[in-house]
Amino acid sequence: DDGFSLGVCVDVLSTLLKRADVPLSDPFWASFELLMKIAMSFEESSFLQSACEVFLLVILRAADRVRQAGHLAAFLQFAERMLSPGMDDRACLFVGPLLTVFIRNFAAELGSQLVNGILRACADRLLRSEMPALQQNLLVVFGCFLNQSCSEVAALLEAIRIDHAGETLNGLEAVIAVWCMNTECLASQYSRNVTYSALTKLLQTEEERLVRVRAKKPVPLQIVEVLAKALREENKGLRLKVEREERRRKHRDQQQRDRGSASLDAEEDDWVDEDDETVGMSGLAGLHNEDDPNWRALMENWDDDDDDDDWGGKMTPENDAFRAMEKEDPLFSMDLQAELFRLLQELAGNGNKWLQALSGEEQTKLKGALEDATALRQRLESNAQGGGAGGSMGIPR
């Protein structure tokens, strides 16, 4: 009953799981089973958040053992409890990432009835959630499902009935209503990659189903507006990258003129762009001094793609389980700006009726975003060909 002591024990178990050799030893599995039993009756928020991290680690590091030992049902029961109406938003904050990695590893083994149960519980919780971070995590779950099997999941959602605020919605109506009206909650790049790619699939393959969704404005039109807005936001991030690379090139050129190229590489490593305004993957924006050791350590850990971060080997306690879960998804490294640019450029070229249905103001914004994207991609390509850092990302055609 001592929440503090339990929390300490769970944190220790999480750290050990990150460093342990695989396959995990029997004491780990005994600890996992005990933790699962406690988590099914405990209600303290921080403890349940930590428990979600441990359960996520278990799947990441030992998915085959989870499958072979028949633990899938226990995970689903825990997730169902976390999503139930009686749980506080904070308590179930990390059930979204847990379900995301669960779906990624075991979706093929879940029958339609189990999937339907997960979708219903997530949709109901999404409607009731007031915490943006929880909304983001649940939208990623829907994005993960739709990216794996768009038509099947959309049909299941459409068949679900949810009572909310005195009316009955189907699951697709419930999810779309929150999705299109709350894109600001998508703070991380990974969440945007997953959810916007899922919206793109819905728009391209499920237009007829989307038209049937009850809404003040046709849902395909809402999705087009959301994707156009997303392109404008991604353009801002790319502009920062391009301007940074151009300042770096200017610095390199100046060094070549003033000192020659002999020590250029070493000098560039110490280069600090004091005017650089960066947008971190966590969604935090502001001016950062890259000479600050704390900031450098954060960014090195955030962007580290070394083999040491591979979940098949030992990990350090500093490695974040949720970050590692994201990095296992191919969508983590997707160039969202390029994909949005390609899609909207293609729709515009084909005379898509939903683009044509945009208001005059929205059409003007979209035209400007496409022109901006074209110029930015060309500048990026030019920087890469001129020897700038970062490599070519290519210009969508």
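**Rings and helices in a predicted model**

Visitor: Why is F75 called buried in this structure?
Guide: F75 has a relative accessible area of 2%, and buried means under 20%, so F75 counts as buried. Bear in mind that this is a predicted model.

Visitor: What makes F32 and F55 an aromatic pair, and why is it edge-to-face?
Guide: Happy to walk through it! The search of the whole structure finds nine aromatic pairs. For F32 and F55, the ring centres are 5.8 Å apart and the planes make 90°.

Visitor: How do you know whether F32 is buried or exposed?
Guide: Its relative accessible area is 3%, and the limit for buried is under 20%, so F32 is buried.

Visitor: And why is the pair of F32 and F75 called stacked?
Guide: Their planes stand at 25°, with ring centres 5.6 Å apart; planes under 30 degrees apart count as stacked. F32 lies in helix 2 and F75 in helix 4 (residues 72-83), so this pair ties together parts 43 residues apart in sequence.

Visitor: What makes helix 7 oblique to helix 8?
Guide: Helix 7 (residues 132-148) and helix 8 (residues 150-159) pack at about 125°, their axes 5 Å apart. That angle falls between the perpendicular range, 65 to 115, and antiparallel, over 145, so helix 7 is oblique to helix 8. On the helix 7 side, the contact is made by F142, F145, L146 and Q148.

Conventions
Residues are numbered from 1 along each chain as its sequence is written. This is a predicted model: local features need pLDDT of at least 70, side-chain atom pairs count only at pLDDT 80 or more; totals for chains, interfaces and linings use all residues. Side-chain values use heavy atoms; hydrogens and water are left out. Axes are lines fitted to C-alpha atoms, for helices over the stretch in contact, and angles run from 0 to 180 degrees between N-to-C directions. Helices (H or I, at least four residues) and strands (E, at least two) are DSSP runs, numbered from the N terminus. Angles under 35 degrees count as roughly parallel, over 145 as roughly antiparallel, 65 to 115 as roughly perpendicular and the rest as oblique. Contact means heavy atoms within 4.5 Å. Rings of Phe, Tyr and Trp (its six-membered ring) pair if their centres lie within 6.5 Å; planes under 30 degrees apart count as stacked, over 60 as edge-to-face and the rest as tilted. Buried means under 20% relative accessible area, exposed over 50%, partly exposed in between (1.4 Å probe, protein chains only).
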